[in-house]
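Here is a short briefing on helix packing, sheet pairing and backbone geometry. Please look at the structure first, then read the points below.

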Amino acid sequence: MDVTRQTKRNLRLQRYLFTLLLLAAVGLLGWLSTQYRIQTDWTYGARNSLSADSERLLAELEGPLTITAFVRDQGPLRDQVRELVGRYQRVNPDIQAEFVNPDRAPERVRELGVSMEGELRIAYQGRSERVQEHTEQALSNAILRVARQGERWIGFLTGHGERDPHGQANHDLGHFGAELERKGLKVQSLNLAETRAVPDNLSVLVIASPQLDLLPGEVKLVREYLEGGGNLLWLADPGETGGMASVAEYLGVEFLPGVIVDASTQLFGIESPDVVLVTAYTPHPVTRELRAMTLFPHAQALQLNTTGDWDVEPLLSSMENTWTELGTLEGRIGFDAGSDERAGPLDLAHAFTRSLDADSEAGEGRTTGQRVAVIGDGDFLSNSFLGNVANLDLGLNLIDWLSHDDSFIAIRPRAAPDQSLELGRTAQAVIGFGFLFVLPALLVLAGLIVWLRRRKR
């Protein structure tokens, strides 16, 4: 009897001890789950994981990177952004995510220039980038741009009444220059009369609407810069080429007389007839990610005369209901078919590229390949118009492309081979016949069998 009582006591103690150890193990696992995270991707082809290119990029980051998403608290867009950013956080735990409701933080939205819900802002070591497309390719490219090493100098020509990249007047480019510096670029003013040469470390030379003609010696320096493989952004307002006719001839571009008039702007509440809206874009690296229209006040049209050794693409074009107005912009105006006016669509910008010889002057210290963009308007980047629609994005894309920042990385997202089903004609016929005839026949047969069995009861 004593042995039985002792045995029962031991069994009861073992049950209590087992329960206590089980609860301790569950609690320990719960605590470990808050300290460590283990996630695996079981999808076919690992479609929910980053590509090898993105993983290598994240492995090279030194220090924290912050991704700020401007998205409302509820809705599928927030879940989409959270899932995309979560992929990056699983690879690099130093990536910090912040979600900001744009309705509750309007001042921050205005300060950072956020233009749409779902926009992402990537910040790293004092540099920042904005992303509007929620894809691995777009986000990884933005991370790579803010993580780039080395200094990139953007030189703005000065001394002839050009738009000042640090000026605050309405016609200046101070806001645009500040955005470039926020991206980690070095912005400097360049007076060729003082330097007597274009610096070798310059990534892009910007000539922004000179009001006075350049001296012949300065034009020669610009020509030598181009001949040596330099990258150029030329903003030319109507009737003001800055005395650089030889540069235009070297590129093979001609500025058409007159100002482009856009009759469709009245539909958008724009009273000035010389404001051009560009709503469709060519699949060029500068414009392929633009999701909104761009606005060009007082622009002139371009015409290509000869290409030489340049590869030229139209970068921006007006709509069909536009023309080059040669008269005054007063009273009732319209296209005069019997004059020298040109009917739209008209080219506002051209993009020039060419390969460089290995033994050229540009082969040392420059990226292989030369890029030039000529735009018949400088107002679209000015302080007055930079905040309109996608003007800022276009300007930043131009600088990125000219400085070869658009080709940092070619992200190849993981393929999902099980997303599509390809069937031959025989398989399609069998499946179609089965669903149309065999399956209904089986259902009818099953119904008859059940009916007969119930009738026999």
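The model is predicted: local features need pLDDT of at least 70 and side-chain atom pairs pLDDT 80 or more, while totals for chains, interfaces and linings use all residues. Residues are numbered from 1 along each chain as its sequence is written, and side-chain values use heavy atoms, without hydrogens or water. Helices (H or I, at least four residues) and strands (E, at least two) are DSSP runs, numbered from the N terminus.

**Helix pair α2 and α5**

- The axes of α2 (residues 52-59) and α5 (residues 136-146) come within 10 Å and cross at roughly 25 degrees.
- Axes are lines fitted to C-alpha atoms, for helices over the stretch in contact, and angles run from 0 to 180 degrees between N-to-C directions.
- The crossing of α2 past α5 is left-handed. That term applies if the near helix is turned anticlockwise from the far one by less than a right angle; clockwise is right-handed.
- Ser54, Leu57 and Leu58 of α2 make the contact (heavy atoms within 4.5 Å) with Glu136, Ser140, Ile143 and Leu144 of α5.
- These residues divide into four nonpolar, two polar and one charged. Nonpolar covers Ala, Val, Leu, Ile, Met, Phe, Trp, Tyr, Cys and Pro; charged covers Asp, Glu, Lys and Arg; the others, Gly among them, are polar.

**Helix pair α6 and α10**

- Helix α6 (residues 174-182) packs with helix α10 (residues 391-402) at an angle of about 55 degrees, their axes 11 Å apart.
- α6 and α10 are therefore oblique to each other.
- Their crossing is right-handed.
- From α6, Phe176, Glu179 and Leu180 meet Leu392, Gly395, Leu396 and Ile399 of α10.
- The contact of α6 with α10 holds five nonpolar residues, one polar and one charged.

**The four-stranded sheet**

- An open sheet of four strands runs in the order β2-β1-β3-β4, with mixed pairing. Two strands pair if DSSP finds at least two bridges between them.
- β2 and β4 (127-131) stand at the edges with a single partner strand each, so one side of each has no neighbour in the sheet.
- From one strand to the next, the twist averages 20 degrees.
- Strand β1 (residues 65-70) runs parallel to strand β2 (residues 95-100), joined by six bridges. Isoleucine 67 stands opposite alanine 97 in β2.
- From β1 the chain crosses through helix α3 (residues 76-91) to β2, in a right-handed β-α-β crossover. Right-handed means that, with the strands pointing away from the viewer, the path from the first strand over the helix to the second runs clockwise.
- β1 also pairs with strand β3 (residues 119-124), antiparallel, over five bridges. Here alanine 69 stands opposite leucine 120 in β3.
- α3 packs on the sheet and touches β1, β2 and β3; its direction makes about 170 degrees with that of β2.

**Backbone geometry**

- Glycine 344 and proline 345 are joined by a cis peptide bond, with omega about 5 degrees. Proline 345 sits in the loop between β15 (322-325) and β16 (347-354).
- Serine 209 is not a glycine, yet has a positive phi of about 55 degrees. Serine 209 lies in the loop between β7 (202-208) and α8 (216-227).

Key: Angles under 35 degrees count as roughly parallel, over 145 as roughly antiparallel, 65 to 115 as roughly perpendicular and the rest as oblique.
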